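Trainee: I would like to learn how to read a model like this one. Where do we start?
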Amino acid sequence: MKRGIAITGMGIISSIGDDVEQNHLALFEGRSGVARVRHIDTILHDSIMVAEVPHDNEELIRRSGLDIENSFSRTTLLGIIAARQAVADAGITSMSSCRTGLISATSVGGMDMTEKYFYTCMKTGGGKKFIESHPAGMSTQQIAEDLGIEEGLVTTISTACSSSANAIMYGARLLKAGLLDRVIVGGADCLSKFTMNGFNSLMILSDEPNSPFDADRKGLNLGEGAAFLVLESEEQVKKDQKKVRAYLKGYGNANDAHHQTASSEFGDGATAAMIKALELAEMKTSEIDYINAHGTATANNDLSEGRAIIRVFDKQVPEFSSTKAFTGHTLAASGSIEAVYAILSMQHGLIYPNLNFKKKMSEFDLVPITSLKERKIDTVLSNSFGFGGNCSSLIFSKQP
Amino acid sequence: MKKVYIHSAGSVSSQNTFSDEGFLEKVISYMETVIPAIDAPYKEFIPPAAARRMAKGVKMGIAASTAALKEAGLENVDGVITGSGMGCLVDSEKFLRGIIDNQEQHLTPTSFIQSTHNTVGGQIALNIQCKGYNFTYVHGSVSFESALMDAFLQLKNEEATNILVGGVDELGEHTVEVHKLIARIKKDPVPSEDLYTSKSIGAVFGEGAQFFVLSNEKRDSSYAELLGLKTLNTLAKEKVASHAEAFLKEYDIGISDIDLLITGDNGDQDFDGYYDELSKQFPVAIHARYKHLTGEYHTVSSFGFWAALKALKLQLVPAALSGNADKRELKHALLYNQYRGIDHGFTLLRRC
């Protein structure tokens, strides 16, 4: 890509903070959000650990001044909070001042409410108002309405754990095609019994804080959260004299075409996604300063991703870490949450540590950055991989 | 910028669109509030052991996409882009019932694995070993249009040559029940032919899958050229006609250039007014509707797209689709759909 896409705003809520500053502080101080389940009544309470946003729904509603009578799922609530921040950070005061779109991503949508009222709804009509909040697209529609986007290009992507990386990618495509002047991109996912039990049935949840790329890693911890970026066209940035936080330089999506849930042994899809992103960015591998890895801490992902990284970077693997030990795996939101962290890394000149790593894996010679490291970072490669063989890589840079 | 053509169209619907050689010559009339799709001969495409584990949506998606690839004479494509408003409902409901009924115990992962929204897209990629771009759009009644738009932009921009694009949604038992509860599904059955005059609220729900091969290389056998499309999250009824006109203007096309107008009326008296506003604006065009044949689902506009392609290629609008079809040259087709006043999609096609 000759010139990167300007990022003019960002917003986030996760288990480690309610906004960008709090997230940075927790990353800086090495404070993880992984703990026992608090807000969901589950028999998995003692057998898994999760990274929950510490506030319950009422608290989220109160803090955001939303109508208590709303029909929002927790996904929508988290999404509204993060999207509002991104819009404010970009200094947007009117949605109609230029062609503004919203591309969001989610994997659970309104599943939290559906599972809560599954039978009661039919028996007593309880939770009836949440029925139409179930579809993934409805959470995006509700966020769009909250932001005041009307007659706009609004859509939702759901490609499992790469969803919001793909939302960022598609937003960039729409700007490049000249269909929009500005687009809010990201994703939101809340914790649910559905995903907790789903991943538990796959036997890939850890009962301890997750330890990405560690030889003795036991699996992932689920997390929840939301993050959004504002992308703007070059003309729009000039017109509004916007301060640009960073640029999206490259992106790539490829399919592993190996298995519905597992990654291929040598990370074919991951390798292809990273190469595509580098090609689009017109960058050499040596120009990547830091990799924010997908690094979920499952046996399968970290091996496959590590091998893919070696295939792409050979003997010059850049410094890398996974921030999943801070936030857990926030599923569809992870791509945009880690995009925010990539930008923070460049802004602050910091590599956030890969917590809980102790022992190098036997299959290769990769050691992540395990304690906060200060250094100049101009470019970050961020990976997100999901079920359905979906592999995505994004490259962010300080320079256009 | 390249032009974008459609080479093939595969459909699994509640009509005999999968096997039937004729174009909706003989249609099935229903008297239901929920219409399931007619099963395609899945065992021709999917090994029986695998088919047993698959929900209907995945099977319909594989059948329709296989048909589209076969018609296009392709074994593989550069990408697979899928629209699915509700995703894999059957497996989602199954896994959820398992959690609730068994107090989170004795769960097997199969239905969870198959519950993710991108299962169909992932399975298609797995089957044909397509390692390229693979996206799934899940945004209500513009899920299919979003997928089309993504493919359209990549093909125009020469980032790909052939892309498989489709829309798929399946019926789920619980979803049907709760939508009856809130009157999104009609209370009483209506005969298909009376759907638009039933003067009742709600829709007849349906399911189906349509897949297409889009390409930036024209062929003699291409169905049509995709000129462009537009989606809007909100739109007031009064503004539908002016938006349609402005959309057409972007392609230097006037109202009188539209020979075929295909609208997504579903017989819900509270929302069909949107289509009335639009069709009034196109008095000369043949006006076609299709949801009496298929029922309503989030990606049913892919059936409208399928019908438009057939009409443009065969230069024929079957009586089952339109009351005012006459013999004329069909050059431009405009499609418009929305669901309950939100997520509006306009699509413009030109005869090849």
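Mentor: Start with confidence. pLDDT is the predictor's confidence in each residue, on a scale from 0 to 100. Chain B averages a pLDDT of 97, and 100% of its residues score at least 70. For the complex, the predictor gives an ipTM of 0.98 and a pTM of 0.98.

Trainee: What ground rules apply?

Mentor: This is a predicted model: local features need pLDDT of at least 70, side-chain atom pairs count only at pLDDT 80 or more, and totals for chains, interfaces and linings use all residues. Residues are numbered from 1 along each chain as its sequence is written, while chains are lettered from A and ligands numbered from 1 in the order in which they are written.

Trainee: Into which domains is chain A divided?

Mentor: Domain bounds come from an automatic or database domain assignment. In chain A, domain 1 covers 5-240 and domain 2 covers 247-397. Their centres, taken over C-alpha atoms, are separated by 21 Å.

Trainee: How many residues does each domain of chain A bring to the contact?

Mentor: First, the rule. Two residues are in contact if their C-beta atoms, placed from the backbone, lie within 7 Å. By that rule, domain 1 of chain A brings 65 residues and domain 2 of chain A brings 59 residues.

Trainee: Which elements supply the domain 1 side in chain A?

Mentor: Elements are DSSP runs numbered from the N terminus: helices are H or I with at least four residues, strands are E with at least two. On the side of domain 1 of chain A that touches domain 2, the elements that each supply at least two residues are β1 (5-14), α1 (20-29), β2 (50-51), α7 (163-176), β5 (182-189), β6 (222-223) and β7 (225-232). α7(A) gives the most, with eight residues.

Trainee: Now chain B. Where do its domains lie?

Mentor: The assignment gives domain 1 (5-215) and domain 2 (225-351) in chain B. Here 21 Å separate the domain centres, taken over C-alpha atoms. The contact pairs 49 residues of domain 1 of chain B with 40 residues of domain 2 of chain B. On the domain 1 side, β1 (5-12), α6 (143-156), β6 (162-169), β8 (205-206) and β9 (208-215) of chain B each supply at least two residues. The largest share, seven residues, comes from α6(B). By class, that side divides into 22 nonpolar, 21 polar and six charged residues.

Trainee: How do I read a helix pair?

Mentor: Two packed helices are described by the angle between their axes and the distance between the axes. Axes are lines fitted to C-alpha atoms, for helices over the stretch in contact, and angles run from 0 to 180 degrees between N-to-C directions. In chain B, α2 (residues 56-72) and α5 (residues 119-128) pack at about 50 degrees, with axes 9 Å apart. That makes α2(B) oblique to α5(B). Angles under 35 degrees count as roughly parallel, over 145 as roughly antiparallel, 65 to 115 as roughly perpendicular and the rest as oblique.

Trainee: Is the crossing of α2(B) and α5(B) left-handed or right-handed?

Mentor: A crossing is left-handed if the near helix is turned anticlockwise from the far one by less than a right angle, and right-handed if clockwise. The crossing of α2(B) and α5(B) is right-handed. Their contact includes B:G57 and B:L69 of α2(B), and B:T119 and B:I128 of α5(B). It has six nonpolar, six polar and no charged residues.

Trainee: Which residues of α3(A) and α6(A) meet?

Mentor: A:T75, A:T76, A:G79, A:I80, A:A83 and A:V87 in α3(A) meet A:S139, A:Q142, A:I143, A:D146 and A:L147 in α6(A).

Terms used
Ala, Val, Leu, Ile, Met, Phe, Trp, Tyr, Cys and Pro count as nonpolar, Asp, Glu, Lys and Arg as charged, and the others, Gly among them, as polar.
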